[in-house]
Every structure is written in C-alpha cells, then in structure tokens.
Amino acid sequence: MSDTHYDDGQTHGHSHDGVKPSTEARYYAGRIRAIEALLVDKGVLAKEDVRRQIEYMEARTPANGARMVARAWVDPEYKILLLSDTKAAAQELGIDASGPVEFVTLENTPEVHNLVVCTLCSCYPRAILGVPPDWYKSFDYRSRAVNGPRAVMREFGLEIPEDVHVAVHDSSADVRYMVLPMRPPGTKSMGEDELAGLVTRDCLIGTSIPRSVE
Amino acid sequence: MAARFGPGDPVLVRAAEKPGHVRTPEYVKGKTGRVEEVLGVFEDPEILAYGGSGPPEEPLYKVSFRQIDLWEGYAGSANDALYVDIYEHWLEPAREEAR
C-alpha cells in the first residue's frame, strides 16, 4: 500500500486543474494567506486593498495587447507611438498602464523574431496583459527560452527559419516587454476587430505568430 | 546620475557574487556584450528588495550578447542574440577585441 499516497489527480490519465490543488500550491496558498493576515493585523494593508488589486489584475487580459497590435497594423502613426512609447499607446486605447515600470514593444520583422522571458522570476507586462500563463513562470521555460529558444518555439509549433535572427529578451529589471508580431498575409480585407482576433496571448510573448484563417 | 556607457560600447558583466535577489542573471556574468540602449535611471531594486530606500537612481542598460558567446554548442544562427537589462554597477568597460 506504499503507493496509495496523496492523489495528485493524475491517476486516471488527466488532471483536474482547480479541483484538487497540488500539495505545493496548498503550501504556498497557506503561506500567502498567513502573510496577508499579518499585514492586515498590522494595518499595512486592508482586505479591501487586496480585493481591489485582484479586480485590477482580472480586468487586464491579452485582448488589450491584441487591440494595440491590430491598431498598429492599420495605423502607421499609432505603430510609431507603440514602438516609441508603449505606455502612451496603451493610454490612447483607454488601457491604464501607468505605474513605476516601463513598457517596451519589440517589433518582429522579416529579419528578426522576438521572444520574451524573465529568467529571474516572472516579469510580464501585467498592467496591460494581466497575469502570465503558468508555463511562463515555469523553471523549464525560464531556463530553456534563453539557451535554446528555437527548440522551445518549435515545441509551441513555431519554426523560425535559420536566416531569421532570434532575439531573446530577458526582462529582469524595470522594463516589461511585449511583442508586436507581423501582420499575416491574406488579411487585407480584415477590419481592426477581426485582426485583433488573430493576436493570441502567445503572439505577444513570441512563442507564436498570428495566422490568418483561410 | 549620468550614464557611464553609451550605445555601442562593449561591456563586461562583473562576475561578482552578491547575496539575495539580484537582477543580473548568472549566465551573463563574466561575459562581454554591447550596450544597445540606455533605458533610463531607476532606483536600485537590489536595495529596494531589502527594505532600503533605493536612491541614488542608477542607469539601466539594454545589453546584447551573441548567443554563441553564452552557450557552448548553441543550436541556432550565429546572429541569434540575447538582450538583458543590466544596472550600471554590474558593468565594466570591455576591450573591443574581447568579442
């Protein structure tokens, strides 16, 4: 009976994410709750602050980045603004990215493909895109995106031709990065909303590119 | 604080050990790169993280490295590059021919 220990949800072939948190997640959740209770007790923050911050994060999604990309594809002046002052470009579409960190948008071209990672923790343009995907925070992605970016992108189904330079950006300091992908061919007749629909979260990190549905 | 380096300058990342949550990744320590851009001046997060007040502000640089200079047997193009944002106190001038 030695192998009838904690059921990790994998015993019948698939996991029930969110149904039964892993032992590790329970440990960290418990620790976070303890720290939160202490901070509230000591008057450093109020429960209301925590709730407001959760609402702030949940109001941000990759759709914000997709709108910015689609606007840049149809409006050359907006594209210049996006590449020179991402915060102002966000503001122009009603996305509040104000705060102490800087945002920089990296333009993919026929010569260069950009990929974003944070090897030290999980820095991500949260004020625009919300919370990063879990894999972005994994040790696996964080270590392999820097020393084997082409192999990592291949696992995401993205093959970068040898003659295109891969530029990996390790955002470990005070700047957060987002990718401006290239507009895919065959999208001339599409409007801005339809174009935004082609831009997935992974396109904004660089592990994917927008593909036209034809 | 005026920036000590400018775009195009070759720089060597100090191979220093510093305890705590430092913002310079281990894999670029001792490596030579090139300043691409001065990103601005920021309060030092390595001080802020431990309850320090942060100032004086310090220049932050976007530094480029050739992937083939960082990893033995790198699988990809010789032109593949890696960019890391590094605070000035981690950088020293490097000789051009070191690259």
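Reply: A helix here is a DSSP run of H or I with at least four residues, and a strand is a run of E with at least two; both are numbered from the N terminus. The model is predicted. Counted that way, chain A has 10 helices and four strands.

Me: In what order do the elements of chain A run from the N terminus on?

Reply: The order in chain A is α-α-α-α-α-β-β-α-α-α-β-β-α-α.

Me: How many helices and strands are there in chain B, and in what order do its elements run?

Reply: Chain B has two helices and five strands. From the N terminus on, the elements of chain B read β-β-α-β-α-β-β.

Me: Into which domains is chain A divided?

Reply: Chain A has domain 1, residues 23-57, and domain 2, residues 60-205. The centres of these two domains of chain A, taken over C-alpha atoms, are 30 Å apart.

Me: How should I read burial? What share of each chain counts as buried?

Reply: Count neighbours: a residue is buried if 20 or more other C-beta atoms lie within 10 Å of its own, and exposed if 12 or fewer do. In chain A, 36% of the 214 residues are buried. In chain B, 30% of the 99 residues are.

Me: Is S1(A) enclosed or open?

Reply: S1(A), residues 102-107, is largely enclosed by the rest of the structure, because five of its six residues are buried. S3(A) is mostly covered, with five of six residues buried.

Me: What does the span of H2(A) look like against the expected value?

Reply: H2(A) takes in residues 47-58 and reaches 17 Å from its first C-alpha to its last. That is close to the 16 Å expected at 1.5 Å a residue. As for helices in general, residues three or four places apart point the same way because an α-helix has 3.6 residues a turn.

Me: Now strand pairing. Which strands of chain A pair, and in what sense?

Reply: Look for bridges, then for the residues that stand opposite each other. S1(A) pairs with S4(A), residues 175-180, in the parallel sense over six bridges. Within that pair, Val104(A) has Tyr177(A) as its bridge partner. S2(A), residues 112-117, pairs with S3(A), also parallel and also over six bridges. There, Asn114(A) stands opposite Ala167(A).

Me: Which strand of chain B is joined to S3(A)?

Reply: S4(B), residues 81-87, is joined to S3(A) by four bridges, and the two strands run parallel. Val168(A) stands opposite Leu82(B) in this arrangement.

Me: How many residues of each chain are in contact across the interface?

Reply: 20 residues of chain A are in contact with 20 residues of chain B. On the chain A side, H7 (139-147), H8 (149-155) and S3 (165-170) each supply at least two residues. S3(A) gives the largest share, six residues. By type, the chain A side divides into eight nonpolar, seven polar and five charged residues.

Me: Which residues touch the most other members of the largest nonpolar core?

Reply: The largest nonpolar core has 65 residues, and those touching the most other members are Val69(A), Val117(A), Ile128(A), Val168(A), Val179(A), Val199(A) and Ile86(B). Val69(A), leaving aside neighbours within four places in sequence, is in contact with Leu180(A), Pro181(A) and Val199(A).

Me: Last, contacts along the chain. What part of those with a separation of 6 or more comes from residues 24 or more positions apart?

Reply: In chain A, residues 24 or more positions apart account for 67% of such contacts. In chain B, the figure is 61%.

Methods. Residues numbered from 1 in each chain as written. Chains lettered and ligands numbered in written order. Predicted model: local features only at pLDDT ≥ 70, side-chain atom pairs only at ≥ 80, totals over all residues. Contact = placed C-beta atoms within 7 Å. Nonpolar A, V, L, I, M, F, W, Y, C, P; charged D, E, K, R; others polar. Pairing = 2+ DSSP bridges. Domains from an automatic or database assignment. Expected span 1.5 Å × (residues − 1). Core = buried A, V, L, I, M, F, W, Y, C linked by C-beta atoms within 7 Å.
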